[in-house]
Amino acid sequence: MHSRIFLQPFRQKRASLYLTGQRLLATAASQKVTTRCEQDALHVKWGETDSAYSYLWLRDNCPCPQCLHPSSRQKLHSSADIPLDIQPTDVKIVGEEAEITWNQPLRHSSEDKTHTSRYSLDFLRRYQSSKVAERFRFNHITPQTWNRDEYKLDWISYHDYMNTDHGLSKAVQRLYNKGLVFLKDVPTVDSAVTEVAERIGPVQETFYGRDFDVKNIAKSINIAYTSLYLGFHMDLMYLDSPPGVQLLHSLKNSVTGGSSIFVDSFRAVEQLKAKYPEDYQVLKSTPVTFHYLNNGHHMYYKRPTIVDDEEHSGTAWASHVNYAPQFQGPLDDLSPEKTKQFYRAFQRFADFIEDESLRFELTLQPGQLVMFANRRVLHGRTSFDPSSGDRHLKGTYLTLDSLKDKLRVLSAKYGFDASV
């Protein structure tokens, strides 16, 4: 894994341009960069690599102030405005830019003069292939799965996280790599958990509020608000967009019991797929009902247990596990045969999840905080004796989009470290 994946500027001298039949050919002598115009695409040769750029795509992505607002960086036209038969009349490389003059204006445009687009070579290199574009978006990196012995507890200090980009970057990259991060020395005040969350992005408010209290409550509307054993699960699977990240901050913990428990569900998926591939496929293809019918709410959503982005090598952005037995509703559209297949596959998956070798356990002390990827890391809690003391955790949520945003910005600035 490379520690820095952003592209270095591509430098060359001014190029000469000449016309040969139906082709325009520009050559950058110092770096042997050439361009040629075919019927529907501009071909750019970077050394030994040849990249094709559709004329439609190029005109649609013109970065000039007429086409891209200079401060908002938003397009000022629609893709529907690009003429299907648009062609360049002139192509040349000037310094570190490719300059293209087009043969016609946009559809529905009152412009009557020729439009010229200028693209930095760095921009063109960024999109020279789908793989290179994936690297720019940090979509090529893959998470590191773990079991109990492989997860190494490495505390990040609250001060470093809140006051330095290095501490923040370390936490964000670890959230991607391992899905589980611990902070220490967090002030034991109610507002701390949302302040920690907002270093990454705005909190995801739910019907539980901007934040929520996890403590033993009489006549609880959620099993988390009891002293009972809380089995492995993910939160809010019955929402259209479940939270991407959950935070839990310990304010008080003097009870007997009440340890927090975690499992990397991606490792459990790997094991299921290796040993029972047919059950893996069943859990990918069978929608499961998740619902919340209580306290004046009727939440409902159906999603498969496993969403595995095999096409893109399992990047964490598109791979999810949807596992919350406590909030599963009746399967209402399966035949008896399909129902049995699902229950068998689900039981085998659950057996991997409950395997002690995967379970990481820790008792959060006051001032300690955990962040974890809600669509990847399963969490739960051992039972505790409510008469033995006080246990009070404060929680909140973040969207996965906020994590993606912060990881891309910080990794582009400091580099991505797969060892974190």
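I took rings of Phe, Tyr and Trp (for Trp, its six-membered ring) as a pair if their centres lie within 6.5 Å, calling planes under 30 degrees apart stacked, over 60 edge-to-face and the rest tilted. By this rule I count 28 aromatic pairs. The model is predicted, with local features needing pLDDT of at least 70 and side-chain atom pairs counting only at pLDDT 80 or more, while totals for chains, interfaces and linings use all residues. Residues are numbered from 1 along each chain as its sequence is written, and side-chain values use heavy atoms, with hydrogens and water left out.

I looked up Tyr 208 and Phe 212, whose ring centres are 6.5 Å apart with planes at 55 degrees, so this pair is tilted. Tyr 208 has 16% relative accessibility and counts as buried (under 20% relative accessible area, with exposed over 50% and partly exposed in between, for a 1.4 Å probe and protein chains only). Phe 212, at 6%, is buried as well.

Which residues form one aromatic cluster with Trp 146? I find Tyr 151, Trp 155, Phe 182, Phe 262, Phe 360 and Phe 372.

Next I checked charges over rings (NZ of Lys or CZ of Arg within 6 Å of the ring centre and within 35 degrees of the ring normal). The charged end of Arg 125 sits over the ring of Trp 46, 5.5 Å from its centre, and Arg 126 lies over the face of Phe 136, 4.1 Å from the ring centre.
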